Amino acid sequence: MAQIARDSLTAQIEVTTWVTKHVGGDGSGSKLFTEAFAPAETVRQVLRRFTARHPELDAALWSPDHTELGEHIEVVINDAVLGVTHELDSPLKDSDRITLLGQFMGG
Amino acid sequence: MSPTATASRPTTKASAASATVPGYAGKLLRVNLSTGKIWTQPWAEHMREYVGGVGLGAKILYEEVGPKVHWDHPDNRLILATGPLAGLPVWGTGGLSVITRGAQTNGATSTQANGFFGAALKYSGYDAIIVQGQAKKLSYLYINDDVVEVRDASHLKGKDTWETQEALELEHGLSGHRLSVYSIGPAGESLVRFAAIQGDYGHVASKNGCGAVMGKKKLKAVCIVRGTKALTPHDPRGLVQAADDIAHDLKTDPAASTLYRWGTLPGVTNLYKLGALPIKNYTTNLTTVDMSTWEPAKLRNGFDHRGHQCNACGMHHCHIQVIRNGPKAGELVDEPEYEGWSGAGWTIGATDQQGISWLNTRLDRACLDVNEFGWVCGWVMECMEKGYLTEKQVGFKLGWGDIEGANRLIQMISHRQGFGDLLAEGVKRASEKIGGEAAKCAVYTIKGASPRGHDHRGRWEEMLDTCTSSNGTMESANPTHQTEFGQPGRINPFNGEEVAKLVGGILGRKHFEDSLGGCIFTFRSRIEMLARALSAATGWTYTMPEALRLGRRTAAILRAFNLRCGIGTDLEYPSARYGSRPVDGPAKDHNIMDQWEHMVDTWYATVGYDRKTGKPTRETLKKLGLDWLARDLWRK
């Protein structure tokens, strides 16, 4: 039953630029994934499940104890940086889009 | 071409000073262009606290340039300083810091460039050059170890910066790494307020009109033969270990590795997603252009290119490239930094990559700051579109994305021809002069400093930094490994208080970096590693907290200088357009001015400056070991 509920909602996860190296890409462009989730599941839960399948991304995205995000990958939900419209523990809605964007250094 | 002066041989005392502190040359080179006098000054006193680069330059500027000595006064100093890591085997250590009283803010300036200048200067036996006075005719400074001469540069008049370098290479029979040349082009000679100093084909000290200061001194170029003096670090093995750690960090750290691989090219696509790519003079943050064509690999592979690394650098950052197609096919250009793609491209509505690359190099060759040019040119384009400026006023029709028209504007500005004479004053002064609706479209700080080539309405930390800084550009700059000194790894970018605490909390880091004689990009590593490299070079022990403290000392001195020049808290605002609410894109619901006063208050509290007067408090100065400055600033 839980499986049916999870499959009924999906979020798109877009992994961009150098972050794609952690999900089998070449460090450029972007890779799209569709992640099913259950009602009331949060950004944190969906990302944790997604990164569990990608160990390199898991290490790059989270702090060593997995309680917080690390500092080098921006998480953008529907064009808004995390902290603006969503926190890590905010629930997702169907068709929400999560973008993992490599931090940009330089001028 | 006869020499007009020659430096005296170093004294025994000077040599002794250099021997006492490893990593340093131990001497400052002084040049008075008015009298032709050239002399050296031993440097050892206070070296540990001021380090070099901007740290040294700020001290000299404060001590030697009084409030009545404006940017164009002969007594203004043009300080070309490097630091203790320059010339040593750490990546990117050809660094140059230019410190002066600049033409845009008429206040303190610290702006950096790389290439080989810093290394060549150290190998010649000098840690910095301090230029004062004004030559009677256009001149250039020639340095070949102990031979230092002010030479006639009348044959270089009107040449652009690349032509100047080529001419000097030919004249001296030296090229490549054997001769470092930093020069001004026609814009510097014409005293354009946003003229830069360009060197070694594509490296630019661009901020606050330092090229106009050089032009006013009638100094066309500084040309240094790669010297023959040895530099010996205190602990060579420790230095190499620290250098290897820095290189490894740059290659493998998640964020820095993109710099290692692509330099600043990823900025276009990344900042676009955050609403921080300035498009058409801040009139929009959206485009119909396929942004996948702007990813770094595609940007670079669109040209025939090769690496153009700076001193001792292993990054895949700087490149020289050949334009592959279009009307400029076959021309050699330097690969634009992110700010080149922005200022010579998106800001003026141009998206033709070959054209932008060409235009960016035209700016370098003329010696114009690409950021300010973007705000000037974008402003003219918008005003012409809206009818606030006419074809008759400007002299020709200029629309969004017109590369040839933009180049025509470059030439007009560089030679102060027609409407270009007004534009040469920069967009703040030009828009104030035109007034009306046109004035509301201009992007600038009230202080006069040019915003960098981002849309800071989606990057609030940079707008706050640009408006409150004392160096003519951003002073805290991008947060880099900020958790290293207790700052949060991420914040809500539209929460003014969090932004202000972060900007204030990292103040000092960049000034420390800019004191070392290296590159902002190869120093995007952890401060702990940089402090370790500095310790190995000099034999003094530096720690990460001390590094931050030393950087904050520099910030306080630059602030005191500006206050003495009359640049106070009343000027710490963005222009109407710069501080406006974005009309679309990811940042459209966020208006920085709603939180501005609280942000500035929070910033002042964080850095320990007095909100009313702008002065660093007595307590702050005491903590920084600047009692002498406290006596100056707070005397009754």
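How many helices and strands are there in chain B? Chain B holds 27 helices and 15 strands, where helices (H or I, at least four residues) and strands (E, at least two) are DSSP runs, numbered from the N terminus. Before we walk on, note that this is a predicted model, in which local features need pLDDT of at least 70, side-chain atom pairs count only at pLDDT 80 or more, and totals for chains, interfaces and linings use all residues. Residues are numbered from 1 along each chain as its sequence is written, while chains are lettered from A and ligands numbered from 1 in the order in which they are written.

Let us begin with the overall form of chain B. Its radius of gyration is 23 Å, close to the 26 Å that the globule rule gives for 636 residues, so chain B is as compact as a globular protein of that length. Here the radius is taken over C-alpha atoms, and the globule rule is 2.2 Å times the number of residues to the power 0.38. The C-alpha trace of chain B spans about 70 × 55 × 50 Å along its principal axes. Of the 636 residues in chain B, 64% are buried; a residue is buried if 20 or more other C-beta atoms lie within 10 Å of its own, exposed if 12 or fewer, and partly exposed in between, with C-beta atoms placed from the backbone. Among the contacts in chain B with a separation of 6 or more, 71% come from residues 24 or more positions apart. Two residues are in contact if their C-beta atoms, placed from the backbone, lie within 7 Å.

Next comes a sheet. Six strands of chain B form an open sheet in the order E2-E1-E6-E3-E4-E5, with mixed pairing; two strands pair if DSSP finds at least two bridges between them. Strand E2 (37-42) and strand E5 (108-113) of chain B stand at the edges with a single partner strand each, so one side of each is left without a neighbour in the sheet. From one strand to the next, the twist averages 15 degrees. Strand E1 (residues 27-32) of chain B is joined to E2(B) by six bridges, and the two run antiparallel. For B:Leu29, the bridge partner in E2(B) is B:Thr40.

Now for the helices. Two packed helices are described by the angle between their axes and the distance between the axes. Axes are lines fitted to C-alpha atoms, for helices over the stretch in contact, and angles run from 0 to 180 degrees between N-to-C directions. Helix H14 (residues 370-386) and helix H18 (residues 427-434) of chain B pack at about 25 degrees, with axes 10 Å apart. H14(B) and H18(B) are therefore roughly parallel, given that angles under 35 degrees count as roughly parallel, over 145 as roughly antiparallel, 65 to 115 as roughly perpendicular and the rest as oblique. H14(B) brings B:Glu372, B:Trp375, B:Val376 and B:Trp379 to this contact, and H18(B) brings B:Val427, B:Ala430 and B:Ser431. By class, five residues of the contact of H14(B) with H18(B) are nonpolar, one is polar and one is charged. In this scheme Ala, Val, Leu, Ile, Met, Phe, Trp, Tyr, Cys and Pro count as nonpolar, Asp, Glu, Lys and Arg as charged, and the others, Gly among them, as polar.

A second pair is helix H13 (residues 353-366) and helix H16 (residues 403-414) of chain B, which pack at about 5 degrees with their axes 10 Å apart. That angle makes H13(B) roughly parallel to H16(B). The contact of H13(B) with H16(B) has six nonpolar, three polar and one charged residues.

Where do the two chains meet? The contact takes 34 residues from chain B and 24 residues from chain A. H10(B) gives the most to the side of chain B that touches chain A, with five residues. That side of chain B has 15 nonpolar, 12 polar and seven charged residues. On chain A, A:Gly29 lies in the loop between strand E1 (9-16) and strand E2 (30-37). Beyond its neighbours within four places in sequence, A:Gly29 is in contact with A:Thr20, B:Ser292 and B:Glu295.

We close with backbone angles. Most residues other than glycine have a negative phi, and most peptide bonds are trans. B:His481 has a positive phi of about 45 degrees although it is not a glycine. B:His481 counts as buried, with 23 C-beta neighbours inside 10 Å.
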